[in-house]
Amino acid sequence: MNFIGSKYLKENDQKSMNIIKTFDDYQQQYQRSIENPEAFWSDVANDFVWRKGWEKVLEWDFHNAAAKWFIGGKLNITENCIDRHLPTRANQTALIWEPNDPKETSRYITYQELFERVCQVGNMLRAHGIKKGDRVCIYMPMVPELTYALLACARIGAVHSVVFAGFSSGSLVDRINDSGCRMVITSDGAYRGDKKIGLKSIVDEALLKCPTVEKTIVLERTQTRVVMKPERDFWWHDEISKASTNCPAEEMDAEDLLFILYTSGSTGKPKGMVHTCGGYMVYTNYTFRTAFQYQDKQVYWCTADVGWITGHSYIIYGPLSAGATTVMFEGIPSWPDMGRFWHVIEKHRVNIFYTAPTAIRSLEKAPLSFVDAYELSTLKILGTVGEPINEEAWHWYDRNIGKGHCPIIDTWWQTETGGFMITPIANVTKLKPTFATLPLPGVQPAIMDERGNEVTENGVEGRLTIKFPWPAMARTIYGDHQRFRDTYFSTFPGKYFTGDGCKRDEDGYYRITGRVDDVIIVSGHNMGTAEIESAIDEHSAVCETAVVGYPHDIKGQGVYAFVICYDKPHEEDKLRQEIREMVAKIIGPIAKPDKIQFVSGLPKTRSGKIMRRILRKVAEGDVSNLGDTTTLLDPAVVDEIKAGAL
Ligand code: WT7
């Protein structure tokens, strides 16, 4: 191997001066990252293997939604995620794979084996005509081959576009066509708890409408019968057996595309967020090591699916570039029973556990015996992501999983940001429950008021923007830079608008209050629906709540709550009264829900986000046109909600 520009090839542990151990370190480095961002990021980036150094660290112009990092630098991200670890970590486990069914054997993939497999898959793709710049759609279950597929694309310079395997064929069509994929990598089927999903047949249906796809590669996973179309469909195992385990990496420019990942806009077609090689690599690695304070040999588990940005950045690229051992879990938290997560932690002696509030809330409802059955003493650090975590879930997680001694790293970020933005640093940042706390070095948040001015003092609330570029920011929406600009850079000219609301308290700590489109104004008071939901959830009978605003004659907007109870309530009106009092007690009488509808489920997307658009329509009494409901996990709940509307 002959890498130019790497000072650290032999000692592949990262030695930069940017390691943060104390809060003083944090403050100093934060200051430096603001005063001299180019020097700061240059130091971080020097910890990697570059084929050729960059000529310029940064060029940017937020008025044109433009930012470029490490300009002129050449690299291949897989040389940083794999090759450079081989001298010291060839036999270390890179990937621990935990299957859907606990009776099936786990797999442990070393860095050496990862290298060989990724090379084989890279050669297989090349043999089928895939070359640098081609888009490859990946639609697979959570198996090691999924990781190989992503890294193989990166190795040969193809652009991966992973589509979460829970999406329907219609969503697959939109995503494949939007980016003009030449190939789809899939499997015969996927396991999900006690169910089997026929992925290949979903692909077959999609491909009737996808003229750009020439070939598919099909991994055998569930032994589901599939139809293989000659000349188009190829079995993974046949093709891989012909492929060599040495695949020279394509030299990529720092700003060449690494991947496209679609994120559902609440309106319109999904946005293909574009991430590029250099900045994304530097940032996901830095943020992973910093926020979780990852130590050599630790076992790290992020429960997300690789179909989402969390899986890209913090199952694959961040951890592997840091030489970590990362767990990949094929199953679901509730099967075979509600103790599965805790079982997996015990089994693989997990040290760092990163999951979503929605998972915590569902597991919190199960008897504690499911937790207590397992040995969780290896845990050192807990993480959460995806939505604001409510106070109750935070404390449950802290008490019952962390046993009061694991910091909870509440990471705020987005598909668009590529990596963590506002988050505590484990054992460095003093925590406050439900606060994402402070920006990482290099991140410059600005809170904007109603009139579009930045509010600079503490003890304020407003819209969250970022006023300076960071290396992993999305560069554009694939094929539609104008939409990128309109969506993110036009609301507050010169700033990146996150779409989130937030508070900054007297200590300068940030608390994300939720999407600003979820804010309701009742009698002139600005209220976060998440805050009201959290208050309602405090009632012991309540399992989950979604609150939206609806037009109200006197107040402007009223508060409409959709409430799921553990047991169907016997005396609905009595319970309504109790809930109102609870909210009045926790937030104030102004936040008391005007209407409370008891429901058995909420309309959620497959990623677990409540589709508030639908609830708002129901609350407004306008159920004639609910728009597109095809991405819902369970479309049937909508009918029940419509029928019970108040
Ligand atoms: C939106 C981004 C980033 C990976 C998963 C979601 C919300 C995310 C937090 C957090 C409060 C959070 C925001 C953000 N969000 N993390 N720790 N606290 N809210 O990625 O699907 O792109 O969603 O998720 O509203 O804008 P995404």
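Visitor: What makes Leu 382 and Ile 408 partners?
Guide: The two residues are bridge partners, with Ile 408 lying in β20, in a predicted model where local features need pLDDT of at least 70, side-chain atom pairs count only at pLDDT 80 or more, and totals for chains, interfaces and linings use all residues. Residues are numbered from 1 along each chain as its sequence is written, and side-chain values use heavy atoms, without hydrogens and water.

Visitor: How do you know that β19 and β20 pair?
Guide: Strands are DSSP runs of E with at least two residues, and helices runs of H or I with at least four, numbered from the N terminus. Two strands pair if DSSP finds at least two bridges between them; β19 (residues 381–384) and β20 have three bridges, in the parallel sense, so they count as paired.

Visitor: Why are β5 and β20 called edge strands?
Guide: The open sheet of seven strands has the order β5-β4-β17-β16-β18-β19-β20, and β5 (107–110) and β20 (408–410) each pair on one side only.

Visitor: What makes α15 touch the sheet?
Guide: Contact means heavy atoms within 4.5 Å, and helix α15 (residues 391–401) touches β18 (352–355), β19 and β20. Its direction makes about 155° with that of β19, where angles run from 0 to 180 degrees between N-to-C directions and axes are lines fitted to C-alpha atoms, for helices over the stretch in contact.

Visitor: How does α5 lie relative to β5?
Guide: Helix α5 lies across β4 (93–98) and β5, running at about 85° to β5.
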